[in-house]
Amino acid sequence: LDTPTVEVVASAEGVPPLTVRIGIENPYDSSAYLQREGDPKVYSVDGTTRSSLDKGTFDLRDRDVLAVRDLGITRIEVHAKKHDWAVGRDPGQPYAFVRPVKEEADTTAISSWLGTLRSAKATRYLEDTPAERKRTGVETPLVDATFSRGATETVRVRLAAGKADSDPVYALR
């Protein structure tokens, strides 16, 4: 605990800050030693507690790639090599295709698709530079989708993938 592997300081207005330090891991049972600042006692905590406190910025960052919720979406446009379509709706009404032909759409299927997209999580973040956009292919994406919530919010997502199945998919939101 003289040189802790993790130190966490929690503070809130009107309360003194709480500082805990986590020392080395006990290789026998993966527990760790913990001490609260100002308390001479040393506690043994399980590995789950240690890993809960040992979070980096990536662990706590919002990793939702699309973060598009079905609620309030009034228009979706998708442009891709295999698909080019658009659906729209008035708030609270079912979706209908507006392109390539005007016809009813399966609102349940679209809502389910949006839920599936929402579950996509980023595995890492890249610096957004012109060179990186070109390298990843998001400048000329395989899929270009736009999600609109009335006139107040529009989310554009461009997806590009490497040539091999093992290559990552890159998304620019």
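A salt bridge is a side-chain nitrogen of Lys or Arg within 4 Å of a carboxyl oxygen of Asp or Glu. In this predicted model, a search of the whole structure finds 10 salt bridges. Among the residues involved, R75, E77, D84 and R99 are linked in a network of such contacts.

**The network and the R99–D84 pair**
- Salt bridges join R75, E77, D84 and R99 into a network.
- Within the pair formed by R99 and D84, the closest N and O atoms are 3.0 Å apart.
- This pair links distant parts of the chain, with R99 in strand β7 (residues 96-99) and D84 in strand β6 (residues 84-88), 15 residues apart.
- R99 counts as partly exposed at 23% relative accessibility, and D84 is partly exposed with a relative accessible area of 42%.

**The E7–R21 pair**
- E7 and R21 form a salt bridge through their side chains, at 2.9 Å from N to O.
- The pair links distant parts of the chain: E7 belongs to strand β1 (residues 6-12) and R21 to strand β2 (residues 15-25), 14 residues apart.
- E7 is partly exposed at 45% relative accessibility, and R21 is partly exposed with a relative accessible area of 23%.

**The R156–D144 pair**
- A salt bridge of 2.6 Å, N to O, connects the side chains of R156 and D144.
- Because R156 lies in strand β10 (residues 153-161) and D144 in strand β9 (residues 143-149), the pair ties together parts that are 12 residues apart in sequence.
- R156 counts as partly exposed at 40% relative accessibility.
- D144 has a relative accessible area of 14%, and it is therefore buried, the cut-off being under 20%.

How values were computed. Residues numbered from 1 in each chain as written. Predicted model: local features only at pLDDT ≥ 70, side-chain atom pairs only at ≥ 80, totals over all residues. Heavy atoms only, no water. Helix = DSSP H or I, 4+ residues; strand = E, 2+ residues; numbered from the N terminus. Buried < 20%, exposed > 50% of the residue type's maximum accessible area, 1.4 Å probe, protein only.
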